[in-house]
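Here are my notes on the model you sent over, point by point. Have it open while you read.

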Amino acid sequence: MTAGLDASKLEITKAENLKPMLPNDQLVFGKTFTDHMLEIEWTKDQGWGTPKISPYHNLSLDPSAVVFHYAFELFEGMKAFRDAEGKIRLFRPDMNMIRMNKSAARITLPTFDDEELIKLIEKFVLVDERFVPKGEGYSLYLRPTLIGTTASLGVSAPDRALLYVIASPVGPYYATGFKPVSLEASENLVRAWPGGVGDKKLGANYAPCIKPQLEAAARGHQQNLWLFGEEGYVTEVGTMNAFFVFEADGKKELVTAPLDGTILEGVTRDSILELCRERLPSSEWTISERPFTIKEVKENADAGKLVEAFGAGTAAIVSPIGNISWKGNEIKVPVGSEGTGELTKTVLDWIMGIQYGKETFKNWSRVV
Ligand code: COI
């Protein structure tokens with residue numbers, strides 16, 4: 001029998017040289033890391049090995065390791081927050097573990113016991129506790145990563161793997177802060193397709209998005225809005241899920257693409273839908289997960305019925321969308337005098353209120 005992941009076996013080796021902790025205003029997303037990292041090796045014969053927290057270090061891998069050749073790689077994005085009392089909180093870590101295991105199963109990397117990895121991540125966060133920044137909008141971004149390490153050019157299921165977690169103290173994801181982002185809708189390229197892996201958090205989904213993003217950036221847009229099919233179904237932004245508010249029949253509709261395999265199953269997306277269903281009056285609001293096209297967005301904008309739009313993801317939390325460029329059309333999204341729509345600001349406050357422990361909602365905020 002092979003061993004399951006067991007947090008009680010954790011071994012800790014503390015770093016001797018401690019890194020400086022940068023002030024919040026110098027934090028750049030994902031550029032600086034904490035003193036330590038968490039690692040667990042897996043082999044097909046033995047299962048999960050001893051979890052280890054040790055000083056942050058380079059990895060040493062055979063150049064033939066399957067991660068480099070066939071993209072046996074997946075990751076998660078999650079955050080630890082410091083609340084007003086100084087306690088550290090994780091936001092819905094169970095959701096990240098479920099998604100990570102789904103990604104692993106899809107590319108034949110080993111799965112693990114969710115709760116054991118959460119316990120290990122908590123211990124890791126406590127070891128590097130001083131890097132969890134104080135202040136709303138700041139957090140410790142955690143990057144659980146799983147790679148196939150089998151040294152072989154054969155294309156087959158890895159028999160060795162490494163799960164590791166690194167952590168980076170962060171502020172706002174976009175250098176522009178909480179300002180409306182400008183998107184360019186994709187034209188001839190596609191990010192994901194039904195039956196593909198666009199709903200899994202695989203590194204392989206991200207690299208192909210960079211060239212279109214650079215091209216969009218050269219035309220003044222921060223991100224792409226990925227469309228699918230002849231009809232131009234709106235899917236997601238690549239680093240965020242996308243939400244739109246339309247006015248229809250005297251009510252407002254909050255609409256986002258359904259989980260049909262072409263969008264990432266965002267934890268922030270799920271949280272926003274649940275909070276909106278619970279808190280927005282149904283006499284005034286319809287909350288929809290349904291297919292919708294960029295044409296529908298434009299027609300609503302032209303008719304003055306596009307109320308607001310925002311992106312949502314772990315890194316960005318909630319980010320107002322101010323403009324979408326599509327086939328030479330500029331779709332202007334109202335952002336009001338505050339630079340953000342009303343619901344955008346409201347859901348950001350709701351999510352951050354729970355993340356920073358100012359309010360309790362179900363068991364979404366887990367004190368470490
Ligand atoms: C996240 O929101 O955590 C992401 O994974 C987006 C990006 C930084 C890759």
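1. Most residues other than glycine have a negative phi. Ile317 is also buried, because 23 other C-beta atoms lie within 10 Å and the cut-off is 20 or more. Keep in mind throughout that this is a predicted model.

2. Is Arg92 buried or exposed? With 21 C-beta neighbours inside 10 Å, Arg92 counts as buried.

3. Next comes α2 itself. Its 14 residues should span 20 Å at 1.5 Å a residue, and the end C-alpha atoms are 20 Å apart, so the two agree. The buried residues of α2 are Pro93, Met95, Asn96, Met97, Arg99, Met100, Ser103 and Ala104. For reading that list, recall that an α-helix has 3.6 residues a turn, so residues three or four places apart point the same way. After α2 you reach Thr108, with a positive phi near 55°.

4. Now the largest nonpolar core, which has 89 residues. Which of them touch the most other members? Those are Leu225 and Phe244. Strand β9, residues 160-170, gives the most to this core, with seven residues. In soluble globular proteins, nonpolar side chains tend to be buried together.

5. If you leave aside neighbours within four places in sequence, Phe244 is in contact with Val255, Val297, Leu306 and Ala309.

6. On to the strands, with β4 (residues 52-55) as the one to follow. Strand β1 (residues 11-12) runs parallel to β4 and is joined to it by two bridges; here Glu11 stands opposite Lys52. Strand β2 (residues 36-43) runs antiparallel to β4, with four bridges between them.

Conventions. Residues numbered from 1 in each chain as written. Predicted model: local features only at pLDDT ≥ 70, side-chain atom pairs only at ≥ 80, totals over all residues. Core = buried A, V, L, I, M, F, W, Y, C linked by C-beta atoms within 7 Å. Buried ≥ 20, exposed ≤ 12 C-beta atoms within 10 Å, placed from the backbone. Contact = placed C-beta atoms within 7 Å. Pairing = 2+ DSSP bridges. Expected span 1.5 Å × (residues − 1).
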